[in-house]
Amino acid sequence: MLDRPRTVLSQEHEIFRASVRRFVESELVPNNMAWEEAGIVPREAWRKAGDAGLLCCDVAPEYGGPGGDFGHCTVVTEELARANLSGPGFVVHSDMVATYLAKFGSEEQKRRWLPGMVDGTLIGAIAMTEPDAGSDLKGMRTRAVADGDHYVIRGQKTFISNGQNADIIITACKTDANAGAHGVSLIVVEAKTPGFRRGRNLAKIGMKAQDTSELFFDEVRVPMANRLGAEGQGFGMLMTNLARERLVQAVRGTVLAEEAIRWTVAHTRERKAFGRTIADFQNTRFVLAELATKTVAARAMTDGLIALQMEGTLDPIEAGMAKLFCTDLQCEVLDRCLQLFGGTGYMLETPIARAWADARVTRIAGGAAEVMKEIIGRRLFQGAA
(Lines give C-alpha, C1' and ligand atoms only; values in the text may rest on other atoms or scores of the structure.)
Protein backbone atom coordinates (compact mmCIF):
# COMPACT_ATOMS: atom_id res chain seq x y z
CA MET A 1 0.00 0.00 0.00
CA LEU A 2 2.79 2.36 0.98
CA ASP A 3 6.01 1.54 -0.83
CA ARG A 4 7.90 1.03 2.39
CA PRO A 5 10.12 -2.02 2.91
CA ARG A 6 8.90 -4.44 5.55
CA THR A 7 11.29 -5.29 8.34
CA VAL A 8 9.63 -8.36 9.83
CA LEU A 9 10.82 -10.66 7.03
CA SER A 10 14.46 -11.15 6.08
CA GLN A 11 16.18 -11.15 2.72
CA GLU A 12 16.10 -14.94 2.86
CA HIS A 13 12.31 -14.81 3.16
CA GLU A 14 12.07 -12.47 0.19
CA ILE A 15 14.28 -14.73 -1.95
CA PHE A 16 11.93 -17.57 -1.02
CA ARG A 17 8.98 -15.34 -1.96
CA ALA A 18 10.31 -14.99 -5.50
CA SER A 19 10.36 -18.77 -5.96
CA VAL A 20 6.91 -19.16 -4.38
CA ARG A 21 5.48 -16.48 -6.67
CA ARG A 22 6.94 -18.19 -9.75
CA PHE A 23 5.35 -21.49 -8.72
CA VAL A 24 1.99 -19.89 -7.92
CA GLU A 25 1.85 -18.04 -11.23
CA SER A 26 2.99 -20.97 -13.38
CA GLU A 27 1.37 -23.98 -11.65
CA LEU A 28 -1.65 -22.71 -9.72
CA VAL A 29 -3.14 -19.60 -11.31
CA PRO A 30 -3.66 -21.12 -14.80
CA ASN A 31 -5.61 -24.03 -13.30
CA ASN A 32 -7.67 -22.19 -10.71
CA MET A 33 -10.89 -21.79 -12.70
CA ALA A 34 -10.92 -25.49 -13.62
CA TRP A 35 -10.40 -26.40 -9.97
CA GLU A 36 -13.25 -24.11 -8.92
CA GLU A 37 -15.54 -25.89 -11.36
CA ALA A 38 -14.38 -29.29 -10.10
CA GLY A 39 -14.64 -28.25 -6.44
CA ILE A 40 -11.25 -29.67 -5.56
CA VAL A 41 -7.51 -29.19 -6.16
CA PRO A 42 -6.00 -32.43 -7.55
CA ARG A 43 -3.38 -34.34 -5.61
CA GLU A 44 -0.86 -33.76 -8.39
CA ALA A 45 -0.85 -30.04 -7.51
CA TRP A 46 -0.12 -30.92 -3.89
CA ARG A 47 2.85 -33.07 -4.89
CA LYS A 48 4.20 -30.31 -7.10
CA ALA A 49 3.82 -27.85 -4.23
CA GLY A 50 5.73 -30.27 -2.01
CA ASP A 51 8.51 -30.58 -4.57
CA ALA A 52 8.69 -26.77 -4.76
CA GLY A 53 9.01 -26.42 -0.99
CA LEU A 54 5.66 -24.72 -0.33
CA LEU A 55 4.37 -27.24 2.21
CA CYS A 56 5.24 -27.40 5.92
CA CYS A 57 8.01 -24.83 5.57
CA ASP A 58 8.91 -24.86 9.27
CA VAL A 59 9.15 -28.64 9.71
CA ALA A 60 12.60 -29.69 10.89
CA PRO A 61 15.01 -31.46 8.49
CA GLU A 62 15.01 -34.65 10.58
CA TYR A 63 11.35 -35.09 9.61
CA GLY A 64 11.89 -34.29 5.93
CA GLY A 65 11.21 -30.57 6.19
CA PRO A 66 13.20 -27.58 4.96
CA GLY A 67 13.79 -26.28 8.49
CA GLY A 68 12.39 -22.82 7.84
CA ASP A 69 10.34 -20.70 10.23
CA PHE A 70 6.93 -19.08 10.47
CA GLY A 71 8.16 -16.32 8.17
CA HIS A 72 8.49 -18.84 5.32
CA CYS A 73 4.98 -20.10 6.03
CA THR A 74 3.75 -16.50 6.00
CA VAL A 75 5.28 -15.96 2.56
CA VAL A 76 3.26 -18.90 1.19
CA THR A 77 0.07 -17.57 2.79
CA GLU A 78 0.67 -14.09 1.36
CA GLU A 79 1.48 -15.27 -2.15
CA LEU A 80 -1.61 -17.48 -2.34
CA ALA A 81 -3.70 -14.51 -1.18
CA ARG A 82 -1.98 -12.11 -3.57
CA ALA A 83 -2.92 -14.43 -6.45
CA ASN A 84 -6.51 -14.62 -5.13
CA LEU A 85 -6.26 -18.40 -4.68
CA SER A 86 -8.54 -19.80 -1.98
CA GLY A 87 -8.60 -23.37 -3.30
CA PRO A 88 -5.28 -24.95 -2.33
CA GLY A 89 -5.69 -25.92 1.33
CA PHE A 90 -1.98 -25.61 1.98
CA VAL A 91 -2.42 -23.34 5.00
CA VAL A 92 -4.65 -25.82 6.87
CA HIS A 93 -2.21 -28.58 6.00
CA SER A 94 0.97 -26.68 6.97
CA ASP A 95 -0.01 -24.12 9.62
CA MET A 96 -2.48 -26.33 11.46
CA VAL A 97 -2.11 -30.08 10.96
CA ALA A 98 1.68 -30.21 10.61
CA THR A 99 2.05 -27.78 13.52
CA TYR A 100 0.02 -30.00 15.84
CA LEU A 101 2.15 -33.00 14.89
CA ALA A 102 5.44 -31.14 15.22
CA LYS A 103 4.51 -29.55 18.54
CA PHE A 104 2.55 -32.29 20.29
CA GLY A 105 3.31 -35.51 18.41
CA SER A 106 5.56 -38.31 19.62
CA GLU A 107 8.83 -39.03 17.86
CA GLU A 108 7.22 -42.01 16.13
CA GLN A 109 4.22 -39.95 15.02
CA LYS A 110 6.41 -37.19 13.60
CA ARG A 111 8.59 -39.63 11.67
CA ARG A 112 5.51 -41.49 10.45
CA TRP A 113 3.49 -38.60 9.06
CA LEU A 114 5.50 -35.40 8.64
CA PRO A 115 7.75 -36.45 5.70
CA GLY A 116 4.70 -37.27 3.57
CA MET A 117 3.09 -33.97 4.50
CA VAL A 118 6.24 -32.13 3.45
CA ASP A 119 6.39 -33.75 0.02
CA GLY A 120 2.62 -33.63 -0.59
CA THR A 121 1.98 -37.36 -0.70
CA LEU A 122 0.02 -37.14 2.56
CA ILE A 123 -2.65 -34.45 2.88
CA GLY A 124 -3.80 -33.36 6.31
CA ALA A 125 -7.05 -32.04 7.75
CA ILE A 126 -8.25 -31.17 11.23
CA ALA A 127 -11.78 -32.07 12.32
CA MET A 128 -13.17 -29.89 15.10
CA THR A 129 -16.53 -28.52 13.93
CA GLU A 130 -19.71 -30.58 14.30
CA PRO A 131 -23.30 -29.89 13.21
CA ASP A 132 -24.11 -28.73 16.77
CA ALA A 133 -20.66 -27.53 17.89
CA GLY A 134 -18.79 -24.86 15.96
CA SER A 135 -17.03 -22.13 17.90
CA ASP A 136 -18.16 -23.85 21.14
CA LEU A 137 -15.75 -26.78 20.99
CA LYS A 138 -16.70 -27.94 24.49
CA GLY A 139 -20.09 -28.92 23.06
CA MET A 140 -18.72 -31.58 20.69
CA ARG A 141 -20.39 -34.99 20.72
CA THR A 142 -17.90 -37.16 18.85
CA ARG A 143 -16.81 -39.83 21.34
CA ALA A 144 -13.65 -41.94 21.53
CA VAL A 145 -14.20 -44.87 23.89
CA ALA A 146 -11.23 -46.90 25.12
CA ASP A 147 -11.25 -50.56 24.10
CA GLY A 148 -8.01 -52.30 25.00
CA ASP A 149 -5.17 -50.50 23.25
CA HIS A 150 -7.56 -48.83 20.80
CA TYR A 151 -10.18 -46.12 20.78
CA VAL A 152 -13.54 -46.67 19.10
CA ILE A 153 -14.64 -43.37 17.58
CA ARG A 154 -18.28 -42.55 16.91
CA GLY A 155 -19.51 -39.24 15.60
CA GLN A 156 -19.70 -36.72 12.81
CA LYS A 157 -17.74 -33.64 11.75
CA THR A 158 -18.68 -31.00 9.21
CA PHE A 159 -17.23 -28.06 7.24
CA ILE A 160 -13.84 -29.82 7.21
CA SER A 161 -11.32 -28.19 4.84
CA ASN A 162 -9.31 -30.74 2.78
CA GLY A 163 -11.96 -33.28 3.79
CA GLN A 164 -12.14 -35.01 0.40
CA ASN A 165 -8.39 -35.12 -0.15
CA ALA A 166 -7.18 -35.81 3.37
CA ASP A 167 -5.14 -38.91 4.20
CA ILE A 168 -4.84 -38.08 7.90
CA ILE A 169 -7.37 -36.22 10.02
CA ILE A 170 -6.59 -34.84 13.47
CA THR A 171 -9.94 -35.47 15.13
CA ALA A 172 -11.16 -33.74 18.27
CA CYS A 173 -13.05 -36.27 20.39
CA LYS A 174 -14.55 -36.52 23.85
CA THR A 175 -12.64 -39.24 25.72
CA ASP A 176 -14.43 -38.31 28.96
CA ALA A 177 -17.94 -37.04 28.42
CA ASN A 178 -18.21 -35.71 31.99
CA ALA A 179 -14.97 -33.71 32.15
CA GLY A 180 -15.87 -30.72 29.98
CA ALA A 181 -12.85 -29.17 28.29
CA HIS A 182 -10.60 -31.60 30.19
CA GLY A 183 -12.30 -34.51 28.48
CA VAL A 184 -11.23 -33.58 24.92
CA SER A 185 -8.44 -35.49 23.17
CA LEU A 186 -6.90 -35.20 19.69
CA ILE A 187 -6.61 -38.46 17.79
CA VAL A 188 -5.13 -38.93 14.32
CA VAL A 189 -7.46 -40.95 12.09
CA GLU A 190 -6.05 -42.35 8.87
CA ALA A 191 -8.56 -42.18 6.03
CA LYS A 192 -8.03 -45.84 5.12
CA THR A 193 -9.32 -46.97 8.54
CA PRO A 194 -12.52 -49.08 8.34
CA GLY A 195 -15.59 -47.19 9.50
CA PHE A 196 -14.30 -43.80 8.39
CA ARG A 197 -16.17 -42.32 5.46
CA ARG A 198 -16.46 -38.99 3.73
CA GLY A 199 -19.74 -37.31 3.03
CA ARG A 200 -20.40 -34.99 0.13
CA ASN A 201 -18.09 -32.24 -1.00
CA LEU A 202 -20.07 -29.29 0.33
CA ALA A 203 -21.31 -26.54 -2.02
CA LYS A 204 -20.24 -23.16 -0.64
CA ILE A 205 -20.80 -19.48 -1.42
CA GLY A 206 -17.07 -19.05 -2.09
CA MET A 207 -13.75 -20.86 -1.79
CA LYS A 208 -15.16 -23.20 -4.39
CA ALA A 209 -11.91 -24.99 -5.28
CA GLN A 210 -11.23 -25.98 -1.66
CA ASP A 211 -12.78 -29.34 -0.85
CA THR A 212 -14.91 -29.01 2.27
CA SER A 213 -16.64 -32.07 3.63
CA GLU A 214 -18.75 -33.88 6.13
CA LEU A 215 -16.86 -36.71 7.81
CA PHE A 216 -18.40 -39.73 9.52
CA PHE A 217 -16.87 -42.01 12.13
CA ASP A 218 -18.81 -45.27 12.42
CA GLU A 219 -17.13 -47.42 15.09
CA VAL A 220 -13.69 -46.44 13.81
CA ARG A 221 -10.99 -48.38 15.69
CA VAL A 222 -7.84 -46.30 16.07
CA PRO A 223 -4.73 -47.30 18.04
CA MET A 224 -4.18 -45.30 21.22
CA ALA A 225 -0.72 -44.65 19.79
CA ASN A 226 -2.44 -42.24 17.36
CA ARG A 227 -3.46 -39.89 20.18
CA LEU A 228 -1.53 -36.62 20.38
CA GLY A 229 -0.20 -36.02 23.87
CA ALA A 230 -1.95 -37.27 26.96
CA GLU A 231 -5.64 -38.06 27.18
CA GLY A 232 -7.70 -34.98 27.99
CA GLN A 233 -5.11 -32.46 26.76
CA GLY A 234 -6.75 -31.81 23.41
CA PHE A 235 -8.63 -28.63 24.32
CA GLY A 236 -5.44 -26.99 25.58
CA MET A 237 -3.65 -27.97 22.38
CA LEU A 238 -6.45 -26.47 20.30
CA MET A 239 -6.35 -23.21 22.24
CA THR A 240 -2.56 -23.03 21.87
CA ASN A 241 -2.58 -23.51 18.12
CA LEU A 242 -5.66 -21.41 17.38
CA ALA A 243 -3.56 -18.29 18.01
CA ARG A 244 -1.41 -19.14 14.98
CA GLU A 245 -4.45 -20.04 12.89
CA ARG A 246 -6.10 -16.73 13.69
CA LEU A 247 -2.97 -14.76 12.86
CA VAL A 248 -2.74 -16.57 9.51
CA GLN A 249 -6.31 -15.53 8.72
CA ALA A 250 -5.46 -11.94 9.66
CA VAL A 251 -2.41 -11.98 7.39
CA ARG A 252 -4.41 -13.37 4.49
CA GLY A 253 -7.18 -10.81 5.01
CA THR A 254 -4.69 -7.95 5.03
CA VAL A 255 -3.07 -9.04 1.77
CA LEU A 256 -6.44 -9.41 0.06
CA ALA A 257 -7.49 -5.95 1.25
CA GLU A 258 -4.28 -4.51 -0.21
CA GLU A 259 -4.83 -6.31 -3.52
CA ALA A 260 -8.47 -5.27 -3.75
CA ILE A 261 -7.50 -1.62 -3.40
CA ARG A 262 -4.90 -2.03 -6.16
CA TRP A 263 -7.46 -3.69 -8.46
CA THR A 264 -9.94 -0.89 -7.74
CA VAL A 265 -7.49 1.94 -8.33
CA ALA A 266 -6.59 0.42 -11.71
CA HIS A 267 -10.23 -0.17 -12.66
CA THR A 268 -11.53 3.26 -11.66
CA ARG A 269 -8.77 4.98 -13.63
CA GLU A 270 -10.12 3.28 -16.76
CA ARG A 271 -13.88 3.08 -16.20
CA LYS A 272 -15.85 6.20 -17.21
CA ALA A 273 -19.17 7.71 -16.25
CA PHE A 274 -20.63 11.09 -17.17
CA GLY A 275 -17.65 11.92 -19.34
CA ARG A 276 -14.90 11.30 -16.79
CA THR A 277 -13.25 8.39 -15.06
CA ILE A 278 -14.65 6.99 -11.82
CA ALA A 279 -11.35 7.95 -10.18
CA ASP A 280 -12.09 11.60 -10.95
CA PHE A 281 -15.02 11.61 -8.51
CA GLN A 282 -14.19 12.76 -5.01
CA ASN A 283 -16.27 9.94 -3.51
CA THR A 284 -14.03 7.36 -5.14
CA ARG A 285 -10.88 8.94 -3.81
CA PHE A 286 -12.36 9.38 -0.33
CA VAL A 287 -13.56 5.76 -0.15
CA LEU A 288 -10.21 4.39 -1.25
CA ALA A 289 -8.27 6.75 1.01
CA GLU A 290 -10.25 5.57 4.03
CA LEU A 291 -9.83 1.90 3.12
CA ALA A 292 -6.13 2.31 2.40
CA THR A 293 -5.56 3.95 5.78
CA LYS A 294 -7.27 1.10 7.62
CA THR A 295 -5.32 -1.44 5.58
CA VAL A 296 -1.98 0.18 6.44
CA ALA A 297 -3.00 -0.12 10.09
CA ALA A 298 -3.84 -3.79 9.56
CA ARG A 299 -0.43 -4.37 7.97
CA ALA A 300 1.31 -2.77 10.95
CA MET A 301 -0.70 -4.94 13.33
CA THR A 302 -0.09 -8.22 11.51
CA ASP A 303 3.62 -7.59 10.93
CA GLY A 304 4.03 -6.93 14.63
CA LEU A 305 2.31 -10.18 15.51
CA ILE A 306 4.26 -12.13 12.88
CA ALA A 307 7.39 -11.03 14.73
CA LEU A 308 5.93 -12.25 18.03
CA GLN A 309 4.94 -15.61 16.50
CA MET A 310 8.47 -16.04 15.15
CA GLU A 311 9.78 -15.33 18.67
CA GLY A 312 7.30 -17.77 20.20
CA THR A 313 5.57 -15.07 22.27
CA LEU A 314 2.31 -14.49 20.36
CA ASP A 315 -0.55 -13.82 22.76
CA PRO A 316 -3.82 -15.62 21.84
CA ILE A 317 -5.90 -12.54 22.67
CA GLU A 318 -3.78 -10.32 20.42
CA ALA A 319 -4.16 -12.94 17.68
CA GLY A 320 -7.92 -12.83 18.25
CA MET A 321 -7.87 -9.03 17.94
CA ALA A 322 -5.98 -9.28 14.66
CA LYS A 323 -8.37 -11.90 13.35
CA LEU A 324 -11.38 -9.78 14.32
CA PHE A 325 -10.02 -6.53 12.89
CA CYS A 326 -8.44 -7.85 9.70
CA THR A 327 -11.23 -10.18 8.60
CA ASP A 328 -13.85 -7.49 9.24
CA LEU A 329 -11.68 -5.10 7.25
CA GLN A 330 -11.19 -7.61 4.45
CA CYS A 331 -14.95 -7.93 4.04
CA GLU A 332 -15.46 -4.17 4.21
CA VAL A 333 -12.76 -3.43 1.64
CA LEU A 334 -14.00 -6.06 -0.80
CA ASP A 335 -17.61 -4.97 -0.47
CA ARG A 336 -16.91 -1.25 -0.94
CA CYS A 337 -14.41 -1.85 -3.73
CA LEU A 338 -16.83 -4.13 -5.55
CA GLN A 339 -19.32 -1.24 -5.49
CA LEU A 340 -16.84 0.90 -7.41
CA PHE A 341 -16.62 -1.79 -10.10
CA GLY A 342 -20.36 -1.50 -10.77
CA GLY A 343 -22.01 -4.42 -12.54
CA THR A 344 -18.64 -5.76 -13.64
CA GLY A 345 -17.81 -6.45 -10.02
CA TYR A 346 -20.74 -8.86 -9.73
CA MET A 347 -19.37 -11.14 -12.43
CA LEU A 348 -17.51 -14.21 -11.11
CA GLU A 349 -14.95 -13.89 -13.89
CA THR A 350 -13.53 -10.84 -12.10
CA PRO A 351 -11.07 -11.22 -9.19
CA ILE A 352 -13.02 -8.79 -7.02
CA ALA A 353 -16.19 -10.90 -7.24
CA ARG A 354 -14.43 -14.15 -6.36
CA ALA A 355 -12.52 -12.52 -3.51
CA TRP A 356 -15.75 -10.99 -2.16
CA ALA A 357 -17.47 -14.38 -2.12
CA ASP A 358 -14.43 -16.09 -0.59
CA ALA A 359 -14.04 -13.52 2.17
CA ARG A 360 -17.33 -13.98 3.99
CA VAL A 361 -16.33 -17.19 5.75
CA THR A 362 -13.28 -15.60 7.37
CA ARG A 363 -15.51 -13.87 9.94
CA ILE A 364 -16.78 -17.33 10.95
CA ALA A 365 -13.92 -19.82 10.53
CA GLY A 366 -11.34 -20.21 13.27
CA GLY A 367 -13.72 -18.69 15.81
CA ALA A 368 -16.56 -16.37 14.83
CA ALA A 369 -16.15 -12.61 15.18
CA GLU A 370 -18.53 -12.68 18.14
CA VAL A 371 -16.32 -15.25 19.89
CA MET A 372 -13.28 -13.04 19.31
CA LYS A 373 -15.13 -10.14 20.94
CA GLU A 374 -16.08 -12.35 23.88
CA ILE A 375 -12.53 -13.55 24.59
CA ILE A 376 -11.15 -10.04 24.18
CA GLY A 377 -13.83 -8.69 26.52
CA ARG A 378 -13.06 -11.32 29.14
CA ARG A 379 -9.39 -10.32 29.11
CA LEU A 380 -10.35 -6.68 29.58
CA PHE A 381 -12.37 -7.49 32.70
CA GLN A 382 -9.92 -9.93 34.26
CA GLY A 383 -9.04 -8.70 37.73
CA ALA A 384 -11.37 -5.71 37.43
CA ALA A 385 -12.82 -4.50 40.70
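These questions and answers cover charged residues and the nonpolar core in a predicted model.

Reader: Why is E78 called buried?
Author: Its relative accessible area is 0%. Buried means under 20%, so E78 qualifies.

Reader: Why is R6 called partly exposed?
Author: R6 has a relative accessible area of 25%.

Reader: What makes E78 and R6 a salt bridge?
Author: Their closest N and O atoms are 2.9 Å apart. The cut-off is within 4 Å, so the pair counts. E78 sits in helix α4 (residues 70-82), and R6 in the segment before α1, 72 residues apart.

Reader: What makes E78 and R17 a salt bridge?
Author: The closest N and O atoms are 2.8 Å apart, and the limit is 4 Å, so this pair counts too. R17 lies in helix α1, 61 residues from E78. Both residues are buried. E78, R6 and R17 are among the residues linked in a network of salt bridges.

Reader: Why is R354 said to have no salt bridge?
Author: The nearest side chain of opposite charge, E36, is 4.5 Å away. A salt bridge needs a distance within 4 Å, so R354 has none. R354 is buried, however. Its side chain reaches the backbone oxygen of E349 at 3.2 Å.

Reader: Which residues have the most contacts inside the largest nonpolar core?
Author: L101 and I170, in a core of 86 residues. Helix α7 (residues 234-270) gives the most to this core, with 15 residues.

Note on methods. Residues are numbered from 1 along each chain as its sequence is written. This is a predicted model: local features need pLDDT of at least 70, side-chain atom pairs count only at pLDDT 80 or more; totals for chains, interfaces and linings use all residues. Side-chain values use heavy atoms; hydrogens and water are left out. A nonpolar core is a set of buried Ala, Val, Leu, Ile, Met, Phe, Trp, Tyr and Cys residues joined through side-chain atoms within 4.5 Å. Buried means under 20% relative accessible area, exposed over 50%, partly exposed in between (1.4 Å probe, protein chains only). Helices (H or I, at least four residues) and strands (E, at least two) are DSSP runs, numbered from the N terminus. Lys and Arg count as positive and Asp and Glu as negative; His and the chain ends are not counted. A polar contact is a pair of N or O atoms within 3.5 Å; within protein, one must be able to donate a hydrogen and the other to accept it, and residues adjacent in sequence count only if both atoms are side-chain atoms.
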